[in-house]
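Dear colleague,

Please find below the structure that I am handing over to you. My notes on what was found in it follow directly after.

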Amino acid sequence: MGIVLDNLSKIESLPGGGLALATSDSLINWARTSSVWPLTFGLACCAIEMMAAYASRFDFERMGVFPRPTPRQADVMFVAGTVSKKMADPIIRIYKQMPEPKFVIAMGGCANCGGPFYDSYAVVKGVDRIIPVDVYLPGCPPRPEALMYAVIKLQEKMRKMTVKGGLGATPLQAAGSRKLI
Ligand code: SF4
């Protein structure tokens, strides 16, 4: 209980400690940030680093990051690797199958802007051309620690979400940037 109270903002304990009051926003955001469930989804070499993050040395699950094999149970997509034009349609379809609120982390130079394949006729010059991206993670490839840091930045964004303000974590998202596709 102590750990829970420490991680909730805007919480008040009544004298005696038998009852605690918190806003619904802080409770929902605490639950959301404590269970970031990513879709298992790798496109190229960056996916090896993503898989390493799940393994015992880095142990992503201690942060509540628990990979899911279906988009219907996932709330974040790590786009780990080169986005070829052939894969653009499947990525959009999978993204649409995820329930709201959903988030995207573009992992590595390829997902950010095409990376070393920027000049290729067959590569999308950044996954944000087809789906909205919440966190851009540079590197070729980024290490597992960097992916963890990207999740921490995403959690910071999640903590700003309010029930009243809709699903957007930022004014741009609240205004409908998620309707890009
Ligand atoms: S950014 Fe580098 S490591 Fe990642 S998928 Fe592209 S080429 Fe591979």
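**Charges over rings**

Lys102 sits over the face of Tyr95, at 4.4 Å from the ring centre. A charge is taken to sit over a ring if NZ of Lys or CZ of Arg is within 6 Å of the ring centre and within 35 degrees of the ring normal. Lys125 likewise lies over the face of Tyr118, here at 5.9 Å from the ring centre.

Please note that this is a predicted model, in which local features need pLDDT of at least 70 and side-chain atom pairs count only at pLDDT 80 or more, while totals for chains, interfaces and linings use all residues. Residues are numbered from 1 along each chain as its sequence is written, and side-chain values use heavy atoms, with hydrogens and water left out.

**Overall architecture**

The protein chain contains seven helices and six strands, where helices (H or I, at least four residues) and strands (E, at least two) are DSSP runs numbered from the N terminus. Along the sequence their pattern is α-β-β-α-β-α-β-α-β-α-β-α-α. Of the 181 residues in the protein chain, 42% are buried. Buried stands for under 20% relative accessible area, exposed for over 50%, and partly exposed for values in between (1.4 Å probe, protein chains only). Contact means heavy atoms within 4.5 Å. Among the contacts in the protein chain with a separation of 6 or more, 72% are between residues 24 or more positions apart.

**The ligand shell**

Which residues surround the ligand? They are Ala44, Cys45, Cys46, Gly81, Thr82, Gly109, Cys110, Pro116, Phe117, Gly139, Cys140 and Pro141; a residue is included if one of its heavy atoms lies within 4 Å of the molecule. By class, this shell has eight nonpolar, four polar and no charged residues. In this scheme Ala, Val, Leu, Ile, Met, Phe, Trp, Tyr, Cys and Pro count as nonpolar, Asp, Glu, Lys and Arg as charged, and the others, Gly among them, as polar.

Thr82, one of the shell residues, is located in the loop between strand 4 and helix 4 (85-97). Thr82 counts as buried because its relative accessibility is 16%. Not counting residues up to four places away in sequence, Thr82 touches Leu43, Ala44, Cys110, Phe117 and Val123.

Pro141, also in the shell, is placed in the loop between strand 6 (135-137) and helix 6. The peptide bond from Cys140 to Pro141 is cis, with omega near -5°. A cis peptide bond also leads from Glu100 to Pro101, with omega near -10°, and Pro101 is found in the loop between helix 4 and strand 5.

In helix 3 (residues 46-54), the buried residues are Cys46, Ala47, Glu49, Met50, Ala53 and Tyr54. They lie on the same side of helix 3 because they cover an arc of only 155° around the axis, the arc being that of the directions from the helix axis to the C-beta atoms. Their packing partners are strand 3 (38-39), strand 4 (76-80), strand 5 (103-107), helix 5 (108-113) and helix 6 (144-158).

In helix 2 (residues 24-33), Ser26, Asn29 and Thr33 are the buried residues. Their arc around the axis is only 70°, so they are on the same side of helix 2.

**Aromatic pairs**

Rings of Phe, Tyr and Trp (its six-membered ring) pair if their centres lie within 6.5 Å; planes under 30 degrees apart count as stacked, over 60 as edge-to-face and the rest as tilted. The count by this rule is three aromatic pairs. The pair of Tyr54 and Phe60 is tilted, because the ring centres are 5.7 Å apart and the planes are at 45°. Tyr54 and Phe60 are both buried. Ring pairs join Tyr54, Phe60 and Phe78 into a cluster.

**The loop between helix 3 and strand 4**

Gly64 lies in this loop and counts as buried at 17% relative accessibility. Gly64 and Ser34 are 30 residues apart along the chain, yet their C-alpha atoms are separated by 5.3 Å. Leaving aside neighbours within four places in sequence, Gly64 is in contact with Ser34, Ser35, Val36 and Trp37.

Asp59 belongs to the loop between helix 3 and strand 4 as well. Its phi is near 55°, a positive value in a residue other than glycine. Most residues other than glycine have a negative phi. Asp59 is partly exposed, with a relative accessible area of 32%.

With kind regards
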